[in-house]
Structures are given as C-alpha cells and as structure tokens.
Amino acid sequence: MTRTDEKVRYLPESEAETLTPLSAASGVENVLRILEGRWKLVILFHLFGGKVLRFSDLERAIPAISQKMLIQQLRQMGADGIVRRIVHHQVPPKVEYCLTDWGQALCPALDALLTWAAQKGSADA
C-alpha cells in the first residue's frame with residue numbers, strides 16, 4: 001500500500017529541529033550580526049507598523065545619525081532582507097523605505113526584549 005504523502009507528493013512535516021547549546025549560540029550570533037550597528041534598531045522602530053518613510057523623513061526622525069551612516073545601515077538591512085528600498089523614478093528622485101514581511105516579524109521579538117528589560121527596572125525598585 002502506498003503512503004498518503006507519496007500519493008500527494010509532499011513530505012510530512014518533520015519535527016522541529018532540536019537545538020543544542022552550540023547550535024543555539026550560533027543562531028543567536030547570526031541574528032546579532034544582522035542587528036548589530038548603533039542605529040539599526042532605531043531605524044527598525046521608526047519603520048515598524050507598516051510605515052513607509054522617505055530617506056529625508058528618517059534623517060529628521062534620527063537627528064544624531066549622519067547621512068553616510070544612515071545610508072550604510074539601510075543598505076546593510078536591505079542586503080539582509082529586513083528593509084525594502086522603493087525607488088520612484090521622478091525628478092527630484094524619491095526613495096522610500098519600509099520593512100519587508102520578515103523585518104516586520106521582528107516586532108514581537110523586540111517587544112519581548114523591551115518587556116524583559118522593563119522587568120529588570122521594576123525588580124530593582
């Protein structure tokens with residue numbers, strides 16, 4: 001008798017990969033590499049919620065960042081698949097940035113980190 005998954009040509013979902021301390025540490029290291037940089041998290045928080053911002057809007061929202069650094073951080077986040085760059089071919093040129101679906105999926109994780117950090121502050125009081 002043929003198995004059902006062979007009839008419909010899909011593989012049954014395998015169990016979740018079990019993490020070892022070494023694989024978990026490696027995964028965390030990869031995530032931190034993507035998010036490292038003084039301004040990446042600040043940029044992310046400005047783009048959360050489906051916001052689409054022009055480059056100049058981001059410059060105004062983060063006054064302490066230099067134009068060069070903002071460009072570098074946005075390019076790195078674009079290469080990592082977190083931010084999408086939308087170029088409108090017009091005069092003057094218009095470039096907008098928004099989060100990809102994968103970038104937007106970071107929101108709950110970062111909210112959990114903020115909640116965790118707030119618990120430390122309330123525990124000290």
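Of the 125 residues in this chain, 24% count as buried. Keep in mind that you're looking at a predicted model. The chain has seven helices and three strands, and from the N terminus on they run α-α-α-β-α-α-β-β-α-α. As for contacts with a separation of 6 or more, 50% of them come from residues 24 or more positions apart.

- The three strands make an open sheet in the order 1-3-2, with antiparallel pairing. Strand 1 (53-54) and strand 2 (83-88) are the edge strands, each pairing on one side only.
- Two bridges hold strand 1 and strand 3 (residues 94-99) together, in the antiparallel sense. Leucine 53 has tyrosine 97 of strand 3 as its bridge partner, while arginine 54 stands opposite glutamate 96 in strand 3.
- How much of strand 3 is buried? Five of its six residues are, so the rest of the structure largely encloses strand 3.

**The nonpolar core**

- Generally speaking, nonpolar side chains in soluble globular proteins tend to be buried together.
- In this chain, the largest nonpolar core has 23 residues, and the ones with the most contacts inside it are Ile43, Leu44, Leu74, Ile82 and Val83.
- Which elements give two or more residues to this core? They are helix 2, helix 3, helix 4 (55-61), helix 5, strand 3 and helix 7.

**Helix 7**

- Helix 7 (residues 106-124) has 19 residues. From its first C-alpha to its last, helix 7 reaches 28 Å, close to the 27 Å expected at 1.5 Å a residue.
- Leu106, Cys107 and Leu110 are buried in helix 7. Look down the helix axis and the buried residues of helix 7 fall within an arc of 95 degrees, so they line one face of the helix.
- What do those buried residues pack against? Their partners are helix 2 (21-35), helix 3 and helix 6 (101-104).
- Turned away from the buried side is a face of helix 7 that carries the exposed residues Pro108, Trp116, Ser122 and Ala123.

**Glutamine 73**

- You'll find glutamine 73 in helix 5 (residues 67-79).
- Is glutamine 73 buried or exposed? Its relative accessible area is 5%, so glutamine 73 counts as buried, the cut-off being under 20%.
- Not counting residues up to four places away in sequence, glutamine 73 touches Gly37, Arg38, Trp39, Lys40 and Ile43. Ile43 is also one of the residues with the most contacts inside the largest nonpolar core.

How values were computed. Residues are numbered from 1 along each chain as its sequence is written. This is a predicted model: local features need pLDDT of at least 70, side-chain atom pairs count only at pLDDT 80 or more; totals for chains, interfaces and linings use all residues. Side-chain values use heavy atoms; hydrogens and water are left out. Two strands pair if DSSP finds at least two bridges between them. Helices (H or I, at least four residues) and strands (E, at least two) are DSSP runs, numbered from the N terminus. Buried means under 20% relative accessible area, exposed over 50%, partly exposed in between (1.4 Å probe, protein chains only). Contact means heavy atoms within 4.5 Å. The expected span of a helix is 1.5 Å times one less than its number of residues. The arc is that of the directions from the helix axis to the C-beta atoms. A nonpolar core is a set of buried Ala, Val, Leu, Ile, Met, Phe, Trp, Tyr and Cys residues joined through side-chain atoms within 4.5 Å.
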